[in-house]
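This briefing is meant to be read alongside the sequence and the coordinates. Please keep both in view while going through the points below.

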Amino acid sequence: MSSEVEIIKPSGRLDVTSAAKFRHEVTELAATKPRFLLVDLENVSFMDSSGLGALVSALKTIRSVNGELAVCSLSEQVKMLFDLTSMSKIFIIYANQGEFYSKVGLSRS
């Protein structure tokens, strides 16, 4: 079974206390073999290196099922972390879900 797009929308802090839960959710979604996994960070107020590690792990997990991972709606703090760690060169980043759907040429279902 494969779906076009799966969206995961964590909220609050993406840090050492929530990273394991996030990884588990990604693993469950990867089982459906989505073409895209969009991680919408709109409601993430803080991210640390554990959260960043969870995103890198998610990227590897989704790639292992031949999918693509993208992130959107980064707060200023998260964007700064991405820039400082050069993760903005590794992840595909969209301003929001609308831009994601527009750029990949899919319609929301």
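In which helix is the place of glutamine 97? Glutamine 97 has its place in helix 4, where helices (H or I, at least four residues) and strands (E, at least two) are DSSP runs numbered from the N terminus. The model is a predicted one, in which local features need pLDDT of at least 70 and side-chain atom pairs count only at pLDDT 80 or more, while totals for chains, interfaces and linings use all residues. Residues are numbered from 1 along each chain as its sequence is written, and side-chain values use heavy atoms, with hydrogens and water left out.

- Helix 4 spans residues 97–104, and its residues Gln97, Phe100, Tyr101 and Val104 are buried, buried meaning under 20% relative accessible area, exposed over 50%, and partly exposed in between (1.4 Å probe, protein chains only).
- At the start of helix 4, a side-chain oxygen of asparagine 96 comes to within 3.1 Å of the backbone nitrogen of glycine 98, and after the helix comes glycine 105, with a positive phi near 75°.

**What surrounds the buried side**

- The cover over the buried residues of helix 4 includes strand 1 (5–8), strand 3 (36–40), strand 5 (68–72) and strand 6 (92–94).
- Glutamine 97, buried at a relative accessible area of 17%, touches Ile7, Leu38, Asp40, Cys72, Ser73 and Arg108, not counting residues up to four places away in sequence, contact meaning heavy atoms within 4.5 Å.

**Strand 5 and its partners**

- Four of the five residues of strand 5 are buried, so this strand is largely enclosed by the rest of the structure.
- Strand 5 pairs in the parallel sense with strand 3 over five bridges and with strand 6 over three bridges, two strands being paired if DSSP finds at least two bridges between them.
- Aspartate 40 has cysteine 72 in strand 5 as its bridge partner, and alanine 70 has isoleucine 92 in strand 6.

**Serine 45**

- Serine 45, which lies in strand 4 (residues 43–47), counts as exposed at 51% relative accessibility.
- Leaving aside neighbours within four places in sequence, serine 45 is in contact with Gly12, Arg13 and Gln77.

Definitions and conventions:
A polar contact is a pair of N or O atoms within 3.5 Å; within protein, one must be able to donate a hydrogen and the other to accept it, and residues adjacent in sequence count only if both atoms are side-chain atoms.
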